[in-house]
Amino acid sequence: MNAREAGKKVGHFGVIAAFATFAAFPFAWMLVTTFKQTNDLLDPNTFPFWYHQGPTLENLRVLFEETLFLRWIGNTLFVGVCVVLITLLLAVPAGYALARLSGTVGEQLGIAIFLTYLVPPTILFIPLAKVVSTLHLQDSLFSLVLVYPSFTIPFCTWLMMGFFKAIPRDLEEAAMVDGLSRFEAFTKVILPMSVAGLLTVVIFTFTLVMQEFVYGLTFINSGSKFTVSVGVPSFLVRGDVYFWGSLMGACFIASVPIAFLYNLFVDRFISGFTVGAVKG
Amino acid sequence: MKARATVSDDERALARLLISPALIYIGAVIGVPFVLALWFSVSDVTVSSAAGHFVGLENFRSAIDDPTFRRALGNTFLFAVGSQAIVIVLSTVLAVALSKEFRGKWVVRLLILLPWVAPVSLGSIGWLWILDSIYSVINWILQHSLHVCGALGQPHCPVWLGQPNLAMASIVAVQVWRTLPLATVIQLGGLTSIPQDIHDAAAIDGAGFFRTLFQITIPLVLPIMLVAVLFGFVFAFTDMIVVWVLTRGGPYDTTQVLASLAFFKGIDGGDLAGASAVALFLLPVLTAAAILMLRLARRTEGL
């Protein structure tokens with residue numbers, strides 16, 4: 001290896017290391033802070049990357065025993081499961097119909113559905129707040145169950161459409177020659193082959209639910225009904241008193257595990273975004 | 001494009017049956033509130049009033065007259081354009097670096113994706129702690145490792161979220177942090193779709209790294225780069241989470257964006273009409289973004 005190549009290698013490593021640090025530092029810092037004793041945390045003169053008074057589990061004990069954190073996780077799971085079910089029930093058949101049955105109109109309809117994904121909560125949350133209170137769903141988890149499919153259905157329909165398009169038509173046609181109806185061919189031949197696609201829908205719906213913030217903040221008022229992404233920033237941060245150790249623990253626990261899961265599916269997610277922009 | 005199979009009448013009926021539930025649902029939870037938002041913006045409806053009266057363009061006029069609104073409008077563009085301009089540059093560098101094979105690539109990819117996958121509100125709290133006025137770890141490094149602030153005869157260490165310009169810069173930086181992964185992964189997809197022959201041919205012709213980058217790689221990934229940028233722009237343009245968590249629009253409403261202003265006006269303040277008008281100022285730009293995206297999709301589909 002000559003000097004020039006070595007230099008290139010070091011440069012490459014430097015770029016990668018700098019970006020990885022930028023991306024991951026806040027999470028690493030959450031982890032460090034979680035196990036720090038409060039006195040240690042609040043001493044601005046000591047080296048902050050070290051446990052001067054030894055690590056502690058006290059912050060996590062407070063988080064789990066004295067806050068509503070577990071309740072919020074439970075709420076998030078409940079809303080997540082309901083929204084996943086609604087999304088599967090509506091988006092999967094729609095995606096199939098758009099992929100196979102409706103010709104050019106379907107293609108345009110597909111694009112239209114995808115574009116609704118661009119209508120942001122920012123425009124909708126104010127009228128929806130009024131709708132939710134008219135339906136007496138204010139401060140109920142069902143308001144979120146009702147509204148969240150507004151962004152999961154468009155995206156998942158689009159995702160499933162792409163997925164079904166990639167399955168050869170011959171498969172259903174052969175099944176239909178054997179006497180199945182089109183609908184039976186869909187449920188008995190195509191769906192069992194689409195487990196990977198369905199799983200992708202489940203994971204993405206779930207992450208979208210977990211990330212949602214604006215609707216949760218708007219519709220829910222009582223502490224015991226928040227989802228985790230709203231409960232932690234609005235309830236654990238109260239006035240000027242910050243329990244940084246517990247707060248950082250909550251952020252870390254609620255964000256990193258799901259990231260691992262998501263990482264397995266990310267390529268499919270990206271292809272969902274870029275359908276149309278790249279061939280292939 | 002493939003020849004389309006003919007669709008029989010029966011199948012058309014089935015198609016309608018399969019699509020309508022999704023369409024009706026979307027119509028109910030997007031279409032209806034959208035129309036309501038248009039109505040609210042020209043009415044005087046509040047949280048407590050049952051129905052409002054038509055007031056014409058009054059809400060829009062009073063929004064434009066409000067200096068806080070004008071500042072928020074400017075901030076929204078600064079936030080969206082500024083963050084995405086930085087993201088284009090950084091994601092290109094990072095995607096080119098990641099397109100090479102190296103050991104431990106999957107770990108790096110996982111780490112780089114973290115900010116996108118983690119709930120934004122929680123990631124932003126991480127930054128709230130990093131940028132804290134007293135316990136900021138960045139300030140600790142500035143003061144104790146680099147010795148550039150905080151000691152006698154030196155300037156005060158920055159109060160990141162307490163000074164308007166610094167606070168806005170911090171907000172843009174956190175938005176860059178959170179959208180960089182998406183743009184990078186989308187661009188990486190574009191880079192890996194460039195056939196190796198093209199790179200080989202360029203190498204044979206003696207093109208260096210930067211020549212190849214600017215004359216071959218970037219033009220080829222341009223359409224996909226545009227997709228990444230448009231999505232990032234729409235997300236940033238309509239987002240309030242980072243602002244809400246880091247500054248709540250403060251100090252003194254200097255870091256409000258349209259989305260957060262609409263929230264504080266409509267939900268905290270109960271002025272549904274005024275808030276709808278503020279939010280609807282997003283619409284022209286969103287429409288333009290949607291049209292651009294359609295154009296892009298149609299043009300590349302014809303290839």
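This is a predicted model: local features need pLDDT of at least 70, side-chain atom pairs count only at pLDDT 80 or more; totals for chains, interfaces and linings use all residues.
Me: Two residues count as in contact when their C-beta atoms, placed from the backbone, lie within 7 Å. Among contacts in chain B between residues at least 6 apart in sequence, what percentage join residues at least 24 apart?

Reply: Residues are numbered from 1 along each chain as its sequence is written, while chains are lettered from A and ligands numbered from 1 in the order in which they are written. In chain A, contacts between residues at least 6 apart join residues at least 24 apart in 73% of cases. For chain B, the corresponding percentage is 70%.

Me: How many helices does chain B have?

Reply: Helices (H or I, at least four residues) and strands (E, at least two) are DSSP runs, numbered from the N terminus. Chain A has 15 helices and two strands. Chain B has zero strands, and its helices number 13.

Me: What radius of gyration does chain B have?

Reply: The radius of gyration is taken over C-alpha atoms, and the globule rule is 2.2 Å times the number of residues to the power 0.38. Chain A, at 24 Å against the 19 Å of the rule for 280 residues, is therefore more spread out than a compact globule. The C-alpha atoms of chain B fill a box of roughly 85 × 70 × 30 Å along the principal axes. A compact globule of 303 residues would have a radius near 19 Å, but chain B has 24 Å.

Me: Which helix of chain A provides the largest share of the side that touches chain B?

Reply: Across the interface, 81 residues of chain A are in contact with 83 residues of chain B. The largest share of the chain A side, 13 residues, comes from residues 3-34, which form helix α1.

Me: How many nonpolar residues are on the side of chain A that touches chain B?

Reply: Ala, Val, Leu, Ile, Met, Phe, Trp, Tyr, Cys and Pro count as nonpolar, Asp, Glu, Lys and Arg as charged, and the others, Gly among them, as polar. The chain A side has 17 polar and four charged residues, and its nonpolar residues number 60.

Me: At what angle do the axes of helix α6 of chain A and helix α1 of chain B cross?

Reply: Axes are lines fitted to C-alpha atoms, for helices over the stretch in contact, and angles run from 0 to 180 degrees between N-to-C directions. Angles under 35 degrees count as roughly parallel, over 145 as roughly antiparallel, 65 to 115 as roughly perpendicular and the rest as oblique. α6(A) and α1(B) are therefore roughly perpendicular. Their axes come within 8 Å and cross at roughly 95 degrees.

Me: Which residues of α5(B) make the contact with α13(A)?

Reply: Helix α13 (residues 228-236) of chain A and helix α5 (residues 120-130) of chain B pack at about 30 degrees, with axes 8 Å apart. That angle makes the two helices roughly parallel. From α13(A) come A:S229, A:V230, A:V232 and A:P233, and from α5(B) come B:S121, B:L122 and B:I125.
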